[in-house]
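Please open the structure in your viewer and keep the selection tool at hand. The tour below moves from one selection to the next.

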Amino acid sequence: MCGIVGYIGKRQAYPILIKGLQRLEYRGYDSAGIALIDNEKLNIYKAKGKVSDLVRFAEQQNINGTLGIAHTRWATHGEPNQINAHPHSSQSETLALIHNGIIENYAVLKQGLKEQGYTFVSDTDTEVLVQLIEYVKASNHVDLTSAVQLALNQVVGAYAIAVIEKNNPDVIVAARKGSPLVVGIGEDEFFLASDATPIVEYTNKVVYVGDEEIVTLKRGEEIKIKTISNVEKTPQIKELEMTLSQLEKGGFPHFMLKEIFEQPTTLSDSMRGRVLTEELKIKLSGFIQHKDKFMNANRIIITACGTSWHAGLIGKYAIEEFARIPVEVEYSSEFRYRKPVINENDLVIAISQSGETADTLAAVELAKSHGAFIFGICNVVGSSIPRNTDSGCYTHAGPEIGVASTKAFTAQVTVLTMLALIMGKEKGTLSATQYEKTVNELALIPTKIKSILNQNDAIAQFAKTFTYAQNFIYLGRGYNYPVALEGALKLKEISYIHAEGYPAAEMKHGPIALISHEMPVVVIAPSAGMYEKVVSNIQEIKARKGKIISIVTEGDVVVKNLSDYTISIPDTEECLVPLLAAIPLQLMAYHIAVVKGCDVDQPRNLAKSVTVE
Ligand code: G6P
């Protein structure tokens with residue numbers, strides 16, 4: 001987590017850095033800081049809290065300078081306060097450094113530096129790194145780039161860093177291992193950031209810095225890259241696809257609501273060129289190029305975290321139903337450490353919105369080391385996971401800024417569904433009729449979502465009733481069990497109401513003891529699927545006076561009559577219901593959180609991109 005941004009060029013750095021931090025705030029928001037060099041003075045300003053707190057403080061100070069670095073933090077070492085905020089400076093106060101990641105051997109390095117007379121003001125691993133760079137620089141009489149290189153050779157851990165030097169106002173040195181880093185190339189200016197969002201406004205030319213690479217950005221010179229083991233690299237300049245308007249709220253009060261409403265468009269984008277309605281077929285180049293790997297796979301392992309893991313679970317249902325290949329869905333954090341059995345004939349699918357989640361990246365590395373073929377389903381183009389996989393498929397949901405994932409989730413489910421369909425078709429385990437019918441239905445999903453979004457006002461209205469609740473239960477069966485998990489997660493994340501998702505039939509094995517007249521129970525009860533069975537589960541809750549909020553298929557009467565509140569979704573194929581049922585659950589969580597006065601886009605303690613384990 002944490003967001004880093006830097007600028008060197010002809011303009012004032014401060015406004016660029018602050019705007020950049022605001023774009024990266026989703027990565028962490030417990031403190032923020034900025035360092036600027038002006039007239040050989042290194043000015044560092046930091047504040048506990050959000051970027052807006054930093055702005056209030058910094059704007060009373062000297063904010064001049066055409067070179068600077070800035071940071072928004074999600075605490076790992078040391079509590080979130082002003083002292084632990086970045087940038088950190090070295091003992092002589094000549095160097096300032098920002099860091100996203102974790103230096104694992106910081107304690108040993110700190111002890112060594114203490115023995116050399118260095119003292120520390122913060123509890124952070126980052127301060128150790130900046131002191132180490134200063135120490136190495138002074139003892140070896142080398143320039144900043146070489147000092148960074150020598151220091152990083154002593155470091156164990158993950159980092160994206162940027163360092164500046166008071167007496168050298170013409171250079172920023174940056175490096176990465178594990179954590180992401182992108183450099184923007186302008187005319188006589190450079191930008192750097194954790195992702196491209198702070199850069200897109202100024203240039204569409206970027207370089208994605210590779211693992212263990214050090215970048216030197218010097219005024220009047222071209223970007224220079226070398227590895228920490230001193231191998232020169234030719235920068236690969238790429239063109240950004242992102243646009244500025246994708247990063248703004250576009251009239252919505254929150255990014256989350258904007259992103260929920262974007263889903264008809266994002267799903268169309270996900271399907272563009274892949275769901276071919278005229279020919280009634282799916283075309284996925286990542287699949288076509290490696291068809292044999294899919295056809296010969298003995299087993300598929302899906303690895304992911306959080307919302308992406310829920311999407312993976314839906315993928316399992318679809319792949320097993322259509323392609324008849326066994327699928328296991330693994331939490332990346334467990335998978336990477338529990339010595340799993342992975343064979344060369346396994347196909348591993350890594351799902352990640354950010355493409356940077358540390359545990360998922362490590363799971364990919366582990367599977368690779370066992371010879372498995374790795375397929376990535378990611379949203380952020382050029383991020384670490386897609387760059388470390390054998391093949392893949394971008395979700396094309398566009399930048400997701402709200403910390404709680406919405407449009408990325410439905411895009412992941414869409415890609416997994418396309419994959420399951422094409423695999424089933426190719427394996428001959430899915431009939432041509434079912435294949436074509438589902439392809440046709442998939443293409444209709446964006447329009448169907450629009451009709452659900454039209455119920456937004458009604459959902460906002462009844463959501464007010466539930467702000468009293470301390471607990472919620474979400475129930476679903478089959479494809480809708482993962483949707484229940486995801487609905488509960490959305491509510492927890494943004495409204496801080498405790499919520500649990502269960503397979504509806506599991507109710508009677510425990511959770512039913514919790515039902516009382518105060519307990520809201522959300523039941524996903526579409527007509528496609530185990531409708532009658534879910535109706536029985538609803539009766540059981542009703543008998544215990546639970547409050548029932550149901551998601552039903554348009555025209556349903558039975559469940560509606562049993563429910564306190566009902567949201568209707570259009571009819572569709574069973575495997576596609578999650579794409580529709582997720583929408584009212586997102587809206588409900590959103591409205592409950594808004595009425596409760598919660599910070600919807602930046603919920604407490606969370607970060608969007610979890611680049612630490
Ligand atoms: C964090 C985010 C979640 C996300 C999870 C996995 O916890 O807050 O919204 O689902 O990370 O992230 P990924 O980028 O790998 O999908």
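Begin by selecting isoleucine 349, which, leaving aside its neighbours within four places in sequence, is in contact (heavy atoms within 4.5 Å) with Ile300, Ile301, Ile302, Thr303, Ile319, Phe375, Ile377 and Leu419. This is a predicted model, in which local features need pLDDT of at least 70 and side-chain atom pairs count only at pLDDT 80 or more, while totals for chains, interfaces and linings use all residues. Residues are numbered from 1 along each chain as its sequence is written, and side-chain values use heavy atoms, with hydrogens and water left out.

Next, select threonine 145, which lies in helix α5 (residues 144-152); helices here are DSSP runs of H or I with at least four residues, numbered from the N terminus. Threonine 145 is buried, with a relative accessible area of 10%, where buried means under 20%, exposed over 50% and partly exposed in between, using a 1.4 Å probe and protein chains only. Leaving aside its neighbours within four places in sequence, threonine 145 is in contact with Val173, Ile214, Thr216 and Lys226.

Finally, show helix α7 (residues 263-271) together with helix α14 (residues 407-427), which pack at an angle of about 30 degrees with their axes 9 Å apart; axes are lines fitted to C-alpha atoms over the stretch in contact, and angles run from 0 to 180 degrees between N-to-C directions. To see where they meet, select Gln263, Thr266, Leu267, Ser270 and Met271 in α7, and then Lys407, Thr410, Ala411, Thr414, Val415 and Met418 in α14.

Technical notes: Helices (H or I, at least four residues) and strands (E, at least two) are DSSP runs, numbered from the N terminus.
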